[in-house]
Amino acid sequence: MYLFLHEMKRNRLFLIIWTVCVSFLLSVSILLYPEMAGEMEQMSDMFANMGSFTQAFGMDKLNFGEFMGYFAVECGNQLGLGGAMFAAILGASALAKEERDKTAEFLLTHPVSRSKIVLSKYLALILQVVFFTLGVALCCLLSILVIGESPDLKAILLLFLAYLLLEIEICSVTFGISAFIRGGGMAIGLGVGLLFYFIGILSNLIEQTKFLKYFTPFAFADGGTIVNEHIIKGEYLAVGGLFTAIGIVLAFVKYNKKDIH
């Protein structure tokens with residue numbers, strides 16, 4: 001329990017900053033919607049005729065002139081990318097930072113097994129990801145109330161659930177990677193988060209690249225599918241669960257055998 005609480009305290013400023021920044025961006029986008037609503041229909045028609053660009057960002061499935069279409073696009077671009085970066089950096093630094101900060105020797109002299117260290121750190125990461133998503137969701141819902149919209153609540157909750165699962169997957173994958181590296185891990189975390197994001201864009205472009213949807217969590221967090229069908233695609237979610245499990249197992253196996261410097 002001590003390690004878990006220490007990890008939560010250690011990352012609290014990072015959690016607060018990212019939650020405030022992403023919440024602010026999304027809230028501003030929502031609050032601006034009434035001022036832009038009159039032009040949204042024209043913008044929706046314009047985006048519909050932009051070919052590959054429209055498909056890349058999933059706008060071919062959404063009516064950008066309606067609030068839910070607008071929100072799904074903004075949520076995908078801001079919460080999707082921001083949440084992915086947050087989770088990736090958090091996961092990639094979790095185990096590696098002990099060697100970077102020269103605290104590994106102090107930590108490992110305690111009467112605690114390496115498996116318990118890994119478990120405590122991972123549970124702290126997951127709770128921070130949950131807090132981040134809940135904080136952003138609360139700010140978004142308050143902003144929606146302020147502008148007086150009556151959106152599809154089920155679709156909005158599914159969107160936030162999908163992005164929470166996306167963040168957990170990315171956090172787990174980078175957590176596994178962190179057991180193999182020494183140092184901060186921020187650059188690697190950013191790289192992994194951006195890689196998943198651009199694989200998601202590439203998978204939407206042409207028929208030949210659709211198989212890439214199985215290699216990115218952005219596939220099951222697709223705003224168009226969630227808003228229109230009220231579902232999170234199970235086949236992509238199952239593969240995401242597999243990647244999550246692999247990341248966790250790698251972290252436990254490697255860290256228990258790792259020669260700590």
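Lys121 is found in helix H7; helices (H or I, at least four residues) and strands (E, at least two) are DSSP runs numbered from the N terminus. The model is predicted: local features need pLDDT of at least 70, side-chain atom pairs count only at pLDDT 80 or more, and totals for chains, interfaces and linings use all residues. Residues are numbered from 1 along each chain as its sequence is written, and side-chain values use heavy atoms, without hydrogens or water.

**Exercise: the charged pair**

Determine whether Lys121 is buried or exposed, and find the residue with which Lys121 forms a salt bridge.

*Solution.* 
- The relative accessibility of Lys121 is 4%, so Lys121 counts as buried (buried: under 20% relative accessible area; exposed: over 50%; partly exposed: in between; 1.4 Å probe, protein chains only).
- The salt-bridge partner is Glu7, with 3.0 Å between the closest N and O atoms. The term requires a side-chain nitrogen of Lys or Arg within 4 Å of a carboxyl oxygen of Asp or Glu.
- Glu7 belongs to helix H1 (residues 2-10) and Lys121 to helix H7, so the pair ties together parts 114 residues apart in sequence.
- Glu7 and Lys121 are both buried, and the structure holds 1 salt bridge.

**Exercise: helix H7 and what follows**

Compare the span of H7 with the expected one, then state which residue follows the helix and which residues Pro151 touches.

*Solution.* 
- H7 covers residues 114-147, which is 34 residues, and reaches 50 Å from its first C-alpha to its last.
- The expected span is 1.5 Å times one less than the number of residues; for H7 the expected value is 50 Å, and the helix is close to it.
- Gly148 follows H7 and has a positive phi, near 80°.
- Pro151 is in the loop between H7 and H8. Its relative accessible area is 25%, so Pro151 is partly exposed.
- Leaving out residues up to four places away in sequence, Pro151 touches Phe67, Met68, Ile144 and Ile156 (contact: heavy atoms within 4.5 Å).
- Pro151 and Met68 are 83 residues apart along the chain, and their C-alpha atoms are separated by 6.5 Å.

**Exercise: the core**

Identify the residues that touch the most other members of the largest nonpolar core, and list the helices that each supply at least two residues.

*Solution.* 
- A nonpolar core is a set of buried Ala, Val, Leu, Ile, Met, Phe, Trp, Tyr and Cys residues joined through side-chain atoms within 4.5 Å.
- The largest core has 64 residues, and Phe71 and Leu79 touch the most other members.
- Helices H2 (12-48), H4 (67-94), H7, H8 (153-178), H9 (186-205), H10 (223-229) and H11 (234-257) each supply at least two of its residues.
- Not counting residues up to four places away in sequence, the contacts of Leu79 include Val22, Leu26, Phe132, Val136 and Phe160.

*Solution.* 
- Most residues other than glycine have a negative phi.
- With 26% relative accessibility, His230 counts as partly exposed.

**Exercise: the whole chain**

State how many helices and strands the protein chain has and what percentage of its residues count as buried.

*Solution.* 
- The protein chain has 11 helices and 0 strands.
- Of its 261 residues, 52% count as buried.
- Among contacts between residues at least 6 apart in sequence, 79% join residues at least 24 apart.
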